Amino acid sequence: RSSDLSGILRGTIVRNEKCSDHYTTNFVTSLYNAEGRDVFVARELVLGHLQQGNFPSPFDRSMGAKYAVQAVRYLSSKVAENLQEDGTVLAVGDDSACVLGIRGRTIVSTPVDELAQNTDFKHRLPLDQWWLQLRPLLKIFARRKELEFEGEEVEQESD
């Protein structure tokens with residue numbers, strides 16, 4: 001539990017979708033809202049509602065666990081760095097709000113400010129799309145000489 005500049009108390013509850021038929025996410029959220037009254041407000045977020053497709057695969061669950069570990073490590077380090085003498089946490093640096101993602105083969109945290117500078121929000125793509133340099137290989141694998149991508153110069157073979 002920590003406190004930010006506005007004095008809002010924040011916490012996180014992690015719940016497995018199969019943990020209980022009775023204590024559903026909606027029920028737990030309603031319970032916290034009823035008991036919290038003016039002290040805090042609870043909101044629910046079910047990650048399964050964000051994913052597209054069917055049930056999570058073992059790979060999805062493994063990646064979810066890895067993301068969770070990295071998130072807890074990041075939060076723990078920020079709490080340790082920003083712990084005040086009175087027991088509150090005052091995290092106001094640029095890296096106090098971040099997004100977890102994969103860079104190469106590593107899960108990294110990227111500050112939201114940096115993310116905003118490196119993202120094309122209109123097209124929902126990063127500005128530096130490293131994989132575009134691999135597009136000529138697509139033509140080779142697809143065996144399509146006529147395929148041309150914007151921004152590429154294609155050398156014509158002479159027969």
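# Working chat on a predicted model

User: What does R61 touch, leaving aside residues up to four places away in sequence?
Analyst: R61 touches E17 and P56, where contact means heavy atoms within 4.5 Å. This is a predicted model, in which local features need pLDDT of at least 70 and side-chain atom pairs count only at pLDDT 80 or more, while totals for chains, interfaces and linings use all residues. Residues are numbered from 1 along each chain as its sequence is written, and side-chain values use heavy atoms, with hydrogens and water left out.

User: Where is R61 found?
Analyst: R61 belongs to helix α3, residues 58–82. Helices (H or I, at least four residues) and strands (E, at least two) are DSSP runs, numbered from the N terminus.

User: Turning to the strands, how many bridges join β3 to β4?
Analyst: Six bridges join β3 (residues 98–103) to β4 (residues 106–111), and the two run antiparallel. Two strands pair if DSSP finds at least two bridges between them. Within this pairing, V99 stands opposite T110 in β4.

User: Which residue of that hairpin takes a positive phi?
Analyst: G104 does, with phi near 70°, and the hairpin has two residues between its strands. R124 also has a positive phi, near 55°, although R124 is a residue other than glycine. R124 lies in the loop between β5 (119–120) and β6 (125–126), and R124 is exposed, with a relative accessible area of 74%.

User: How many disulfides come out of the count?
Analyst: The count is zero, a disulfide being a pair of cysteine sulfur atoms within 2.5 Å. As for individual cysteines, C19 is partly exposed at 48% relative accessible area, and C98 is partly exposed at 26%.

User: Which residues form the nonpolar patch on the surface?
Analyst: The patch consists of L125, W130, W131, L132, L134, L137, I140 and F141, with about 820 Å² of accessible area together. Patches are made of residues with over 30% relative accessible area and no salt bridge; like charges are joined within 9 Å, and nonpolar side chains (Val, Leu, Ile, Met, Phe, Trp, Tyr) within 5 Å. A salt bridge is a side-chain nitrogen of Lys or Arg within 4 Å of a carboxyl oxygen of Asp or Glu. Accessible areas come from the Shrake-Rupley method with a 1.4 Å probe; for residues, only the protein chains shown count as cover.

User: Which helix gives the most to the patch?
Analyst: Helix α5 (residues 135–142) does, with three residues. L134 is in the loop between β6 and α5, and L134 counts as partly exposed because its relative accessibility is 39%.

Terms used:
Buried means under 20% relative accessible area, exposed over 50%, partly exposed in between (1.4 Å probe, protein chains only).
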